[in-house]
Amino acid sequence: MAQIQAEIQATPLDPVVAPEDSSRRFHLPGWLTLLLRNPKARIGLFVLGTMVVLAIIAPFIANAESATTFNILTTRQAPSWHHLFGTTDQGSDVWAGVVFGARRSLLTGFLAAVLATALAATLGITAAYMGGLVDDVISLITAVVFVIPAIPLLIDITAYIHNRGMLTMILVVGGLLWAFEARILRGQALTLKNRDFVHAAKVSGESNRRIVFGELMPNMISRIAAAFVLVFYIAILVEAGLEFLGLGDSGKSSWGVSLYWATVNSSVLQGEWWSFLFPGLAIGLTVLALTLILAGIDEVSNPRLRGIPKKRTSRSRRSAKA
Amino acid sequence: MSAGLTEPAELEVQGLTKYFRADSAVRARSFVHAVDDVSFTLRPGTITALVGESGSGKSTVARLLARLYAPTSGRVLFDGDDLTKIRGRRRTLAYRRQVQMTFQDPFGSLNPAKTIRHHLERPLQIHGIVPKSRVDQRVYELLDRVGLVPPGRVATKYPHELSGGQRQRVAIARALAVEPSVVVADEPISMLDVSIRIGILNLMKDLKEQHNLAFLYVTHDLASARYVADDILVMYAGQIVEQGPVDQVLSSPLHPYTQLLMASVPDPSVARHEQIEVTRGHAAAAIDPGEGCRFLSRCPIAIDVCSRVTPQLVEARSRQSARCHVNAPAHVI
Amino acid sequence: MTATSSSTAPRPFGRSEPLIQLRGLTVEYATEAQPVRAVDGIDLEIAPGEILGLAGESGCGKSTVANALMQILRPPASITGGQILFNGDDLTARSSEELRKFRWRNVSMVFQSAMNALNPVTRVGTQFVDMMQAHERISRNAALARAGELLELVGIDARRVRAYPHELSGGMRQRVIIAMALALEPELVIMDEPTTALDVVVQREILQQIGVLQRELGFAVLFITHDLSLLIEIADRIAIMYAGEIVEEAPADEIHRAPRHPYTIGLMQSFPPLSGPIVRMAGIPGSPPDLANPPEGCRFHPRCPHCRPEDALLYARQTTERPRLRLVGEKHLVACHLVEAET
């Protein structure tokens with residue numbers, strides 16, 4: 001028995017493995033740290049962060065009222081110290097319009113992305129893992145939604161629905177944009193589902209639900225994050241587009257609505273570039289930031305794009321070759 | 001720590017068969033006979049080696065036992081119950097408590113996104129092996145038992161922080177967590193460094209003795225089979241062609257395929273290796289094989305009847321059976 | 001023969017001019033941190049027509065040696081020291097055009113997986129033609145005819161020249177790449193785990209084939225594998241690599257009969273025998289070191305059963321000084337402080 005104990009003790013934990021990893025206790029922050037080191041992602045996060053901060057502190061840096069007021073006295077003023085971004089045809093302060101509009105635009109885009117990503121991940125991964133009839137049904141639904149031209153449909157829906165509130169916009173945009181990501185996530189889940197650790201979880205007795213959410217999904221974080229960022233910026237663009245066409249709630253302030261009013265009032269033709277430029281710039285910078293974040297996620301997830309070999313991967317691979 | 005039965009039971013496999021579709025028509029006409037009428041018994045406290053080359057069906061047998069596939073036909077009897085007839089989550093879970101599996105790839109069989117603790121906790125939680133308050137302690141005990149020390153530190157690690165041998169030990173610990181009676185080990189060492197393999201084999205031997213487990217050791221490597229197993233089953237083209245105590249079978253093989261394997265394996269102790277005949281045919285499962293011996297095309301001693309009648313497994317010596325008309329002819333009635 | 005401690009290992013057994021000489025070869029991989037030395041100053045010789053086995057586990061550097069010899073190292077890997085002499089010529093000093101001609105004609109390589117070497121969308125014959133026409137002036141028909149001959153040479157029907165790689169079995173594909181490696185009649189064929197992915201019976205067939213061809217055509221072989229038991233059967237001489245260094249080198253039966261380095265002894269203890277009594281074997285505890293941070297002194301010392309703090313003097317040497325390859329018998333070299341202590 002003692003000999004057996006001695007044999008078993010003969011495999012102490014490799015001293016080389018232990019020390020460096022005591023600081024990295026969690027998996028996700030480690031991946032996040034890598035992302036933060038990526039220059040593109042850093043710029044993107046910084047710009048997006050600035051937008052978010054501005055939106056949050058909007059009441060402190062601008063007058064909410066002035067975003068939507070009618071004020072004959074202050075109409076059509078070019079940017080000045082009083083009105084940083086100038087005023088619109090109606091006399092509303094463009095700066096206030098941008099920072100308060102940020103709240104609405106960013107929040108709507110964010111929530112639509114959350115909805116779409118949740119749907120895409122759940123349906124896509126479940127379809128891949130369960131296979132068979134479940135897969136067929138979900139894939140059919142996905143294909144139908146995917147094939148429908150989203151923008152025309154959105155235009156139709158928003159034209160008919162009388163409620164033009166945020167919730168409607170979130171449901172409509174999120175409810176249509178999930179389909180293409182669902183296919184992609186299904187594809188990735190298909191490659192994962194035949195990995196031995198999934199079989200092992202099944203043999204341990206895990207339920208299907210826990211395998212989908214507990215085994216497969218955590219291994220697809222980077223792809224899901226990419227999906228989220230992608231849908232986020234598409235949602236921003238789509239919403240801005242719908243509002244620009246007059247299908248949004250033109251009473252509230254948001255970037256797209258600002259553009260709508262600027263067009264309706266022919267501001268550009270009259271030389272009032274500020275009422276159009278600044279909201280447009282806000283949209284453009286946000287979308288650019290998200291695109292950079294997306295590029296950063298891609299580079300972090302695919303080591304080959306990074307150019308320098310991942311030291312850890314090559315080392316851990318070596319110790320288990322046949 | 002036995003499975004809680006008063007007396008450890010045997011796992012008896014009878015006529016296990018698995019066909020896969022070989023064409024893509026709506027009604028399949030052609031089938032790959034991956035596993036064809038395989039029967040054996042796994043006894044507590046023994047390691048049985050299932051030896052064969054790639055495609056011979058040995059991995060399919062393993063997966064059938066682990067219920068990752070459903071058999072086309074056949075029975076698996078454990079303690080009187082036919083396990084192939086199990087339906088429903090509760091009974092499936094009860095089966096999984098008895099029969100566990102480890103996989104070949106130490107990288108692939110652990111979830112890269114989860115800690116070692118998670119891998120060992122889950123089976124304990126799913127099957128309620130110990131009360132919640134004792135889960136942590138049991139995790140450390142399991143790690144200790146497979147030689148991963150200090151267990152407190154290992155439990156916090158992620159798979160990529162361990163070496164191949166360490167991961168394979170985690171996989172074994174995970175299989176042991178539910179206190180099974182049978183562990184199916186599918187090529188546990190073939191992807192490990194050579195110097196680490198013996199450690200894992202020794203671990204299997206020790207666990208077999210300490211816990212009276214039955215192991216099914218699936219491998220293509222005869223030398224390790226001889227080292228660790230008590231009995232051996234040799235598979236070819238989906239069938240068992242020879243079985244018996246490992247030393248007996250390997251020192252005096254009856255079936256020409258076993259003889260071919262022994263002649264092919266590198267053996268430094270042999271002064272000059274005998275040349276083998278290069279022949280056509282391979283160990284992989286056949287599509288719609290007809291009657292007749294599947295080894296025919298490679299067999300140096302085939303006779304007329306071999307092409308017409310499929311040989312049965314016949315006990316030609318004490319406890320040693322082979323599927324060969326020449327070396328293990330069926331008894332004339 | 002007395003033990004010497006020159007900077008290059010003494011090799012008094014060259015009967016003729018060695019075909020390949022590696023002198024102090026060092027290969028490094030550039031990383032974000034310090035460069036990693038995959039091969040650390042090794043000396044090796046291959047005589048014409050001999051089969052030299054290079055054994056070691058994953059990460060020991062044996063494949064890197066092969067790639068360095070063939071001059072196919074890619075960044076971030078590069079040769080940072082030493083020489084590779086082919087018939088006296090330093091390959092590291094040659095231009096890439098000269099190397100291109102040298103490759104395959106003088107030295108060719110057989111890889112572990114044939115599918116890494118064969119183009120899946122081209123017929124086998126065409127791949128032969130492409131390869132031959134890259135090295136000499138030869139018409140397509142003549143090349144195809146030669147391809148057929150080569151296939152017959154490795155035991156494949158010449159008509160399979162028209163097959164696609166996926167139509168052939170694993171064993172046949174491996175034979176095809178052996179045939180391709182022999183096409184230009186090189187003097188040295190490097191084989192990097194050529195049979196590891198194959199079943200044991202196919203492996204035996206291929207090894208038999210290689211043996212026959214080698215005797216007929218007389219090329220030298222550098223056979224790289226982790227399977228020491230295989231090498232003992234087929235190699236003339238065997239070199240054991242650990243953590244980027246050669247730790248032992250001797251004729252095959254000497255390694256089998258009387259291994260001297262504790263790592264070699266441990267490796268021999270990792271292959272269970274096919275006959276004789278079954279005794280409990282020990283293997284080697286621990287795992288191969290991280291080459292980014294190798295152990296001080298003898299790289300094997302953390303795993304060595306003979307490295308004990310109680311033997312203070314010896315321990316001090318084992319943990320600070322890298323042992324050098326020394327002669328311990330006729331043609332037998334070992335790099336171990338224990339061995340020095342005896343001589």
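Chain B has an accessible surface of about 12,900 Å², and carbon and sulfur atoms account for 50% of that area. The model is a predicted one. Of the 333 residues in chain B, 62% are buried.

Taken along the principal axes, the C-alpha atoms of chain B fill a box of roughly 70 × 50 × 40 Å. The radius of gyration of chain B is 21 Å, which agrees with a compact globule, because a globule of 333 residues would have a value near 20 Å. Among the contacts in chain B with a separation of 6 or more, 65% are between residues 24 or more positions apart.

The secondary structure of chain B consists of 10 helices and 12 strands. Four strands of chain B form an open sheet in the order β2-β1-β4-β5, and their pairing is antiparallel. β2 and β5 of chain B are the edge strands; each has a single partner strand, so one side of each is left without a neighbour in the sheet.

| Edge strand | Residues |
|---|---|
| β2 (chain B) | 31-42 |
| β5 (chain B) | 81-82 |

Strand β1 of chain B, residues 11-21, runs antiparallel to β2(B) and is joined to it by eight bridges. Which residue of β2(B) is the bridge partner of B:L16? The partner is B:V38.

Key: Residues numbered from 1 in each chain as written. Chains lettered and ligands numbered in written order. Predicted model: local features only at pLDDT ≥ 70, side-chain atom pairs only at ≥ 80, totals over all residues. Heavy atoms only, no water. Helix = DSSP H or I, 4+ residues; strand = E, 2+ residues; numbered from the N terminus. Rg over C-alpha atoms; globule rule 2.2 N^0.38 Å. Buried < 20%, exposed > 50% of the residue type's maximum accessible area, 1.4 Å probe, protein only. Contact = heavy atoms within 4.5 Å. Areas by Shrake-Rupley, 256 points an atom, 1.4 Å probe, with all protein chains shown as cover. Pairing = 2+ DSSP bridges.
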